[in-house]
Structures are given as C-alpha cells and as structure tokens.
There are 2 protein chains.
Amino acid sequence: MTAADRSDASPADGVEATPRPAAPGRGRGSRGPYAKSAERRAAIVDAAFDVFSSRGYRGGSLQEVADRVGVSQTSLLHYFPSKRDLLRAVLERRDAVSIRGDGSGGAGPGSAADGDEDFTEAVLRQARHNEAVPGLIGLYTALAGEATTDDSPVRDYVASRFDDLRSEYAAGFRALREQGRLVDGVDPDRAAAALVALWDGIQLQWLIDPTSVDVVAQLREHIDRIVLPA
Amino acid sequence: MTAADRSDASPADGVEATPRPAAPGRGRGSRGPYAKSAERRAAIVDAAFDVFSSRGYRGGSLQEVADRVGVSQTSLLHYFPSKRDLLRAVLERRDAVSIRGDGSGGAGPGSAADGDEDFTEAVLRQARHNEAVPGLIGLYTALAGEATTDDSPVRDYVASRFDDLRSEYAAGFRALREQGRLVDGVDPDRAAAALVALWDGIQLQWLIDPTSVDVVAQLREHIDRIVLPA
DNA sequence: GTCTATACGAAGATAGAC
DNA sequence: GTCTATCTTCGTATAGAC
C-alpha cells in the first residue's frame, strides 16, 4: 500500500506537485485529495524554509518543521522521505525563481546587460530587495557556512551555486567591457568573484548586526569603482 | 560496551595516554605533574581546534576531540566542564595571538600604519600566511556561518570579532588618509567593513574550492583601488 | 585524574495500526 | 495519509569506583 502511494505521490520531488488535474468524485472545484496533498507539500516546504533559514540545515529539526505545519514528524516523512530530500525541495523551490535572491522579477544582472536595465542597477535592486527577505539571505549564508565543514551534505550545492553566480556576473562584466564601460585592468572573472565575495561578506555582517553595515551602499561603492557610468 | 569500544581507540594522535608519574622538578624545564596537566589541556585544546575547524562547533563532538587526544570523553570534561568552555579555550588561545589570523608575528595592519610596514603589505602578508593554515580560516568561517542562526552560542563572539576587525582596519585606513594615501571619497569605516567582507567572502569561496579564486590577488586588487602607492 | 557506567535527551528514520 | 510507538544512534553531562 505504501508502495502504491509512493508511485503516484510525487512525480519528482520537484516544485509543483500539482500535475494532477484529476478531480475524483467532486465537481469543478478540483479540490480533490491530490490538490490537498500538494498544498500540504507546499506548506511543508515553506515551513522547512523558515526553519533552515533560522537554524541552518544541521540545526533545524524535522520536528520543528512538523510542528509549524501542524502534523507529526512521521507524516512529514511521508511527503519527503528524508531530511535531505526536504532540503532539496526547499532549494529547488527557491532556485526556480532566481539564483541570487528570490528575485522579485525577471532577469538577473547577467542577462540585464543586453536588456534594458543597467547591470549596476540590477545588482542594487536585488540587494535592496534582499533586505526585505532576510530569511532567504539567512538560508544561503547558513548553508554556505555549513558547506565548509567536512562531509557537509550541502557542499556540492553551495559549490555549484558559487560557480553559477560567478559565471552570471562574469557575463555581465564582459558585456560591460564590450560597451567600454569596464575600468581598465579589471578582469571580468575576477570581478565576478569579488562581487560575490563582497556581497556575501557584507550580508554576513548585516545578518549578525543590521546596524553595522549598509549592504546597498557598499555594493554601489564597489561597483562604481570598476564600472564607468553609462 | 559502547564505551569500551571507544576506550580501545588508539592514542596515536600525537599524545601518549600513558599515565606515568612525571618526574617532579626534574628535566630541562622543571616538568612536574602540573606541567603534565597543562600539556594535556593544551593537547585537548589543539584537538578541539582541529575538530571545530573541520566540523564546526555544532557539528564537532566531544567524543571526536577525546578520541584524537586519546582519552575518554568524560576525562575531557574533567578539564573543560562543558563544550562551551572548550570552545572558549580554543578561541582564547587563538585570539591571544592575533585577531585575524594566527599571526605569524606581531602587529596587525591597524598598527602597521605607524610602524614600518605598509598597510597593504601587512594585509597581504596575513592573507598569504592564512593559505598555510586553512584550519584556522575554516574555524572562523564555520563559526561565522553558525552565528547567523538563532540562539547560536557563538553569535556574540562573532559579532565582537567583526567589531574588532572593522575597528582595526578603520584605524589603518585613517592613518593612510592622514598620509594622503587614501583615494578621495573613501570612508575609512566603510572601507574597513568592505575589506572584512571581501576577505571573508573570498576565503569562503576558497575553502569550498581552492582553485576557484586567488585570495591574495583579490585583496591586492581591491586595496590598490582605494589606496595610493607610498 | 581517569575510567566505566549511565542518565537524559534529541535527532532521523521505520513499522504497523487505523 | 496520519498517527503512535519504537528503533537506533548520537549528543552532552553526571555519579562514583579505582
């Protein structure tokens, strides 16, 4: 019975678990058990996001997630067979929106260069937006810290996220260089790594003590030193 | 039974567990029983440093520390009544040498400005030295990551360490400004926070993947953009 | 000072009743 | 699908013998 449940429970532990149009018995409401199941899955992922954000992956417990949702810990494991699966779902859910932030909108700075928004402005807009979602920043920061420890289950994720970010920003800087807007001697790849580093570092200080630093101002100052005005 | 399994762990890790009565007042340095106790304390702190560096504070266990020293976990608690006490000892031991690194030598960059070493060179020398002691960087990075989580026992420590670092570097930048060597428009306090952030961030990327970034080159490039040559 | 033995709790995960 | 009960492992910490 469990096996039968599993087979149709979650297609892939992806984001939307609502590929089921099926509405058993009931009419047009499409409020079947499947929809309810999807809702619960989403609620669990949301709660897990909060818990991992504030406690880290290691420090966050399934029990706390379960308590927030209002189910038992074992019920939670019915939807996500293991803690790692749950983290994966949280990460996929967030990354589906944007790489760096939760992205209030569309393209990141990398693709912005050939769009209609300035690279600098795209970065600053994202940074400004991030201040409104400290939970997300907390999640990434906590995971990054844990990733440095031996045998960390999040190491690979953090490593590839760094790769992605560096690539994205490097592309942005390269585009700027083609427009002749990159200060002489600035290497796009190194500039990208530096931007990621400064951003992470200043957000770390900000998380510890929000009054100690100004994330947006720091980023603007840094970028203004290597990017020429349009 | 489980405890018995633990006890057969080889004390091969540097320190002999053989409880021999030390010759009191004998030997080259008056090594008495007190000295032995002090030695063991030191060995424990060293082992704890390794464990916390590679596993983080939360992830590191007293058992693992005890195994490395070659004593039982309870014996370890005889020297340090709690895990926090042990961490405190590790931190004090390291901070006694230097704030940022393990300081191969004397003054940090802050006091270097009025010394005979260039601020920039002092920073780069420290960064260069840090590459040789990844454990230390790992410790600070892991603790910083944990500090962002709720109720973290290391939060206060990390917060004050950030304060200290920012103050130290701000002093260095102010001294440079008095020498007319600070680029116009650069605020010493903000520059200090940025330096700490970039440094931490780039070291984080380096810890995750040492081939991905060049810590020293990044720092040099950054500082060269805000500090004029002597 | 060092050990064995153990208390005490929390963690993730499993089995099986309903 | 959800629960209770349980397993197993691991964590810090304590008691008391030697």
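This is a predicted model: local features need pLDDT of at least 70, side-chain atom pairs count only at pLDDT 80 or more; totals for chains, interfaces and linings use all residues.
View 1. Residues are numbered from 1 along each chain as its sequence is written, and chains are lettered from A and ligands numbered from 1 in the order in which they are written. The contact takes 38 residues from chain B and 38 residues from chain A; two residues are in contact if their C-beta atoms, placed from the backbone, lie within 7 Å. On the side of chain B that touches chain A, α10(B) gives the most, with 13 residues. By class, this side of chain B has 16 nonpolar, 13 polar and nine charged residues (Ala, Val, Leu, Ile, Met, Phe, Trp, Tyr, Cys and Pro count as nonpolar, Asp, Glu, Lys and Arg as charged, and the others, Gly among them, as polar).

**View 2. Chain B is superposed on chain A by a rotation of 180° with 0.0 Å of shift along its axis (RMSD 0.1 Å).** The two copies are thus related as by a two-fold rotation axis. The superposition is by least squares on the C-alpha atoms of residues with pLDDT of at least 70 in both copies.

**View 3. D150(B) lies in the loop between α8 (134–147) and α9 (155–178) of chain B.** Helices are DSSP runs (H or I, at least four residues), numbered from the N terminus. Leaving aside neighbours within four places in sequence, D150(B) is in contact with S54(A) and R55(A). D150(B) is partly exposed, with 13 other C-beta atoms within 10 Å; a residue is buried if 20 or more other C-beta atoms, placed from the backbone, lie within 10 Å of its own, exposed if 12 or fewer, and partly exposed in between.

**View 4. F119(B), T120(B), A122(B), V123(B), Q126(B), A127(B) and N130(B) are buried in α7(B).** They cover an arc of only 165° around the axis, which puts them on the same side of α7(B); the arc is that of the directions from the helix axis to the C-beta atoms. R128(B), also placed in helix α7 of chain B, counts as partly exposed, with 15 C-beta neighbours inside 10 Å.

**View 5. S37(A), S72(A), T74(A), S75(A) and S61(B) come nearest among the 19 residues around DNA strand D.** A residue is near a strand if its C-beta atom, placed from the backbone, lies within 6 Å of it. The residues of this surface divide into six nonpolar, 10 polar and three charged.

Notes. Helices (H or I, at least four residues) and strands (E, at least two) are DSSP runs, numbered from the N terminus.
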